[in-house]
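Let's take a walk through a protein, one piece at a time. Have the sequence and the 3D view open, and find each part as we get to it.

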Amino acid sequence: AGIEVDILADGRLDLPDDVLSRLDFVTASIHSGFSQSQGQIMDRLMSALRNPHVDSIAHPTGRLLGQRDPYQVDIEALARVAAETNTFLEINGSADRLDLTPRAARRAAALGATMVICSDAHSQKDYDNLRLAVGEARRGWLTRSDVANTRCWEEVRRHVKH
């Protein structure tokens, strides 16, 4: 069982730790407060990365192509802490997002972070977005060892924080 939780404006998650502790996989993401300063955005992301129940950060820069610029994220700091805390960074295959960019994913991998490829499916047809996410990973020169969900669940399960 898994869930995507919101990283609130003050850095808290929208579900308590006692609920998150019962899940197999927890993804955290920012869905509001996009105009906050880089320091505030980074504080929110760092809080989620350091949460013992968060296994991945979804759409790390928050961009929506043609609609919203990315919020200010220090990719290097994000990747370093993701590597330190064993938290995956998502490559989101939604055609509206394609977030992380290939360049950011490549840099994150070089800094020791592991990515996870996601379709951002909101309906069955959205599973085709996986092709776009794989394409972004390939453009970033990522290998199987850089992407968590190229592995079997048992291997991923050993990596997650729970």
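This is a predicted model: local features need pLDDT of at least 70, side-chain atom pairs count only at pLDDT 80 or more; totals for chains, interfaces and linings use all residues.

Start with the strands. Strands of a sheet pair through backbone hydrogen bonds, and they can do it in a parallel or an antiparallel way. Here you'll find an open sheet of 5 strands in the order β1-β2-β3-β4-β5, with parallel pairing. The edge strands are β1 and β5, each of which pairs on one side only.

Now zoom in on β2. On one side, 5 bridges join β1 to β2, and these two strands run parallel. You can pick out some of the facing residues: Ile3 sits opposite Val26 in β2, and Asp6 has Ser29 of β2 as its bridge partner. Turn to β3, and you'll see that β2 is joined to β3 by 2 bridges, again running parallel. There, the bridge partner of Thr27 is Ser56 in β3.

Are the residues of β2 buried or exposed? The strand is mostly covered, with 5 of its 5 residues buried. Look at which way they point: Phe25, Thr27 and Ser29 go one way from β2, while Val26 and Ala28 go the other way, and all are buried.

Next, find helix α2, residues 38–50. The expected span is 1.5 Å times one less than the number of residues.

Which residues of α2 are buried? They are Ile41, Met42, Arg44, Leu45, Met46, Ala48 and Leu49.

Leaving out residues up to four places away in sequence, Arg50 touches Val81, Glu84 and Thr85. Arg50 and Thr85 are 35 residues apart along the chain, yet their C-alpha atoms are separated by 6.4 Å.

As a rule, most residues other than glycine have a negative phi, and most peptide bonds are trans. His59, in the loop between β3 and α3, has a phi near 25 degrees, a positive value in a residue other than glycine. Its relative accessibility is 2%, so His59 counts as buried, since the cut-off for buried is under 20%. Asp120, found in the loop between β5 and α5, has a positive phi too, near 55 degrees. At 16% relative accessibility, Asp120 counts as buried.

What about the peptide bond from Asp99 to Leu100, cis or trans? That bond is cis, with omega near 15 degrees. Leu100 has its place in the loop between β4 and α4.

Asp99 and Leu100 also show up among the contacts of Thr61. Thr61 lies in the loop between β3 and α3, and with 12% relative accessibility it counts as buried. Setting aside neighbours within four places in sequence, Thr61 is in contact with Pro70, Tyr71, Val73, Ile75, Asp99 and Leu100.

The largest pocket has a volume of about 370 Å³. It is lined by 20 residues, and the closest to its centre are Phe25, Thr27, Ser56, Val116 and Cys118. The elements that give two or more residues to this lining are β1, β2, β4, β5 and α6. By type, the lining of the largest pocket divides into 10 nonpolar, 6 polar and 4 charged residues.

The second largest pocket has a volume of about 180 Å³. Helix α5 supplies the largest share of its lining, 3 residues. Among the residues lining this second pocket are Ile117, Val134, Arg138 and Thr150. Its lining divides into 5 nonpolar, 3 polar and 2 charged residues.

Terms used: Residues are numbered from 1 along each chain as its sequence is written. Side-chain values use heavy atoms; hydrogens and water are left out. On a 1 Å grid over the protein atoms alone, a cavity is a set of points where a 1.4 Å probe fits but cannot get out, and a pocket is an open set with protein on both sides within 12 Å along at least five of seven lines; lining residues have an atom within 4 Å of a point. Grid points are joined across faces, edges and corners, and a volume is the space filled by probe spheres set on the points. Helices (H or I, at least four residues) and strands (E, at least two) are DSSP runs, numbered from the N terminus. Ala, Val, Leu, Ile, Met, Phe, Trp, Tyr, Cys and Pro count as nonpolar, Asp, Glu, Lys and Arg as charged, and the others, Gly among them, as polar. Buried means under 20% relative accessible area, exposed over 50%, partly exposed in between (1.4 Å probe, protein chains only). Two strands pair if DSSP finds at least two bridges between them. Contact means heavy atoms within 4.5 Å.
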